[in-house]
Structures are given as C-alpha cells and as structure tokens.
Amino acid sequence: MEQSTQNSSPFSSFLKKGLFAAGATLLALSASSAFAATAVTSFGSNPGALKMYKHVPSAMPANAPLVVALHGCTQTAAAYEASGWTALANQHKFYVVYPEQQSANNQNKCFNWFEPGDIVRGQGETLSIKQMVDKMAADHSIDPSRVFVTGLSAGAYMVNVLAAAYPDVFAGAAPIAGGPYKCATSMTAAFSCMSPGTDKTPAAWGDLARSGYSGYTGRKPRVSIWQGSTDSTVKPMNMDETMQQWTNYHGIDQTAEVSESVAGFPHKVYKDASGNAIVETYSITNMGHGTPVDPGTGASQCGTAGAYILDVNICSSYYIGQFFGIIGGDTGTTTTTSSTSSTSNTSTSSTNTSSSGATTTTTTTTTIAGACFNTSNYAHVTAGRAYNSAGYAKANGSNQNMGLNNTFYKSKLRQTGTNYYVIDNTCP
C-alpha cells in the first residue's frame, strides 16, 4: 500500500507556464501501453493545444453519460487512468474523455488554471476541453444532461474553471486537491492560492464563480470536493473555500445537512430547500497530495496505486460516480448506528452512552436500483421522484426539467442513486 501521507513542496523556481500544482518532483510518467483510451486527433480549433483521448466501452446504450477526467501536473492521460474511471465506465456504461496537457504549453504538464487566457468561457484550454465534449456528442450517443468533469490538483483547479465557465455543459464537477475558481489569475498568486490558501467570503467566491458565465440562469452543476487532510501542496483550507464558493453559487448556506463517516472518512452534504444534495465534501484523514483509490474487486473498490494515486481504502471515483448519479445497480450503502438508553443523555450523532450499558445496533441498507418509471409528471411528483417548480416537474437529484407538472405530460425516469433520477427515454 502506498503511503497516504505522500506530500511534496512547491518549486523554488519555475519557468513561464511551469507552475507546479501536483507534486514538486518531476516524474517520468509516460503513456502506458495498456492505456485503454484512443487518441482523437481532430476535435475543433483546439485553441489550448491539448491532446484528447477517449474511452468507449463495448455495448454502449443510447444517451449514455460522459465523464471528463483531468490529470495532475507531471502526469499523462494514461497515468490518470489508474484513478479507476475506465474500469468503472466498462461496468456502468459511460464514456470517458482524458484531456492531456503538452509540455509545450506548460513545462510540467499542468493545466494552466491560473492563466487569464485559459480560464474563461470561449478561450484557451477551457474551450479546448469543451470542444472535446462537443466531439463526443457528434460521434456518440451522449446524454447532454449527464456530462461531468473531475480531476486532480492542477486538473482539479481546472475542474472548477470548467464548472464556472460552462455550467450549461457540465451537470456535475468533482475537484480533488484543488481550489476555487479564480483563486489565482497569475503565477505569483497561484503559489499563495495553493499554500496556505486564499480566504474570501462565500459571497465573494460565489461572485467569482458567477462571473464565469455572467447572467446564466439555467441548471447549475453539483459539486463533490475531495481533499487530503495532510496535503502540504494544496493546503486543506482550499476544500472549505471551494465549498463556500459553490454553496453560495447555488444560493444555499454553508451549514451541512449531513455530517457522517463514509469508509471511515468525514463526509458532509449541503442540500437545497428541496432536499437535493448540491455540494459535498470528503476530507481524507492523513492523506497527502493525490487521488484516493481503493484497489480491489469489491463493489465500491477501484483504482491502482501509483504516483499521486494513493491507496487509502476509499475510491474517490466510485463515490463521485454515485454522487453524479451514473453508478447504480446493486451498489447498496449500509449505515450502522449503535445506541444505549441513558440517564446521563451524553450523546453523539451515532452513540448514546448510559449507565445501563445496554447496546442496540440497527443496520439500515439502502439499495440504489436502476429501476425505470414511465408515467405522468404529476404522478412522478406525487410519488416523490420529482418536485414541482413553478408549474414544471423536475427530477429529484438531477433537477432535469420534465415539462409541465400535470397528468398530460409523461416522462420516463431512471433511478441512478438514492433519491436521484434522470430522464431516460430508453426506459420501457
């Protein structure tokens, strides 16, 4: 098992566009011959001069989801496949795009998340990645309402760039060891952004996110934020600042409705007024700088340990996929609560301590099914699969607009997670 406390220090010096954000030691990480993805050589004007690789699993259904996975500095697209996304795509039937930075753009192959020309809508590397999505939609049957983006470190900062600049493209985003959008717009500011971090109010962060696509009023991406608690490269305060940015962007407060332990790690969920999970955070205890994975064959296991791919007994890709609503089937989650009756009433969220010493353990298992529901929008709302919003029915979780909330409009919904439904016209 690779040490979960792997850390590194920022470079003492660097060349133009040579900023480090994923590890100070330059690693010779060449593309693996076993890389399952295929190079795509033409996907638009590509103003950011990036490379594109795609993975297309066999027997793909119509209207399948798409995940864009961004590597960290010094890594390649092939190296980031170790995060587990390709294997999960084969099992759960979604497409994966792996953008790759070139050393001609950045000496250390970091995505240029701090360069003004690369972090705005319609320009530079941001537009190049959006054109990769367009290429996938042109060549394959992609569900445009289920396009997601995730990435590590410099890739994670770019994840937040893409979520802010293209909220109309990305339904969900998952930065791992990254920081807020426009945390830095210069190389000098990027250092302080990474360490110790930049402190702003939620409103100030939210305004920066909204500036990515000014005046936008459509669907907004849900965000899953991951951070190692002992990361010395991108300091942990970045997780809180990123949470503040996206909660404010969505118009919700910074008080978590759920605070629990998942696989032994602190997990918080921030919900909207309808009870939908909008933002979540995972703080991975004693983990340094990298993407957390859990190699193995279990239902929730995935990934292969390597440089900045850290075996810490939780596979971020699996849980991010669940949050996105693209990993379902027999992927049940079990919550165990132990309690004792007490005259002292000393308690925590999971345990009540008493002088009697009697302990009762209750195990609740929730199975996430891929069941389909084909009925009127009014019936969906009545059954709790959707909610009414200004006379329109919107699916729980995905917030997809199903049309007017009445008995005449019908929709086909597929359940892809706990209280998470997506429109799926392939349903019977």
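Trainee: Before I dig in, what are the ground rules here?
Mentor: It's a predicted model, so local features need pLDDT of at least 70 and side-chain atom pairs count only at pLDDT 80 or more, while totals for chains, interfaces and linings use all residues. Residues are numbered from 1 along each chain as its sequence is written, and side-chain values use heavy atoms, leaving out hydrogens and water.

Trainee: Okay, how many disulfides does a search of the whole structure find?
Mentor: Three. A disulfide here is a pair of cysteine sulfur atoms within 2.5 Å.

Trainee: What does Cys 73 pair with?
Mentor: Cys 110, with the sulfur atoms 2.0 Å apart. That link is right-handed, with 125 degrees about the S-S bond.

Trainee: And where do Cys 73 and Cys 110 sit in the chain?
Mentor: In distant parts, 37 residues apart. Cys 73 is in the loop between strand E3 (64-70) and helix H1 (77-80), and Cys 110 is in the loop between strand E4 (95-100) and helix H3 (124-139). Helices (H or I, at least four residues) and strands (E, at least two) are DSSP runs, numbered from the N terminus.

Trainee: Is Cys 73 buried or exposed?
Mentor: Buried, at a relative accessible area of 0%, and Cys 110 is buried at 0% too. Buried means under 20% relative accessible area, exposed over 50%, partly exposed in between (1.4 Å probe, protein chains only).

Trainee: What's Cys 183 joined to?
Mentor: Cys 193, S to S 1.9 Å. The torsion about that S-S bond is about 125 degrees, so the disulfide is right-handed. Cys 183 lies in the loop between strand E6 (172-176) and helix H5 (187-194), and Cys 193 in H5 itself, so the pair ties together parts ten residues apart in sequence.

Trainee: What about Cys 302 and Cys 315, left-handed or right-handed?
Mentor: Left-handed, because the torsion about their S-S bond is about -100 degrees. The sulfurs are 1.8 Å apart. Cys 302 counts as buried at 6% relative accessibility, and Cys 315 does at 0%.

Trainee: Switching topic: which residues of helix H6 are buried?
Mentor: In H6 (residues 202-210), Trp 205, Gly 206 and Ala 209 are. Down the helix axis they fall within an arc of 100 degrees, so they line one face of H6. The arc is that of the directions from the helix axis to the C-beta atoms.

Trainee: What do they pack against?
Mentor: Helix H4 (154-165) and helix H7 (237-250), with contact meaning heavy atoms within 4.5 Å.
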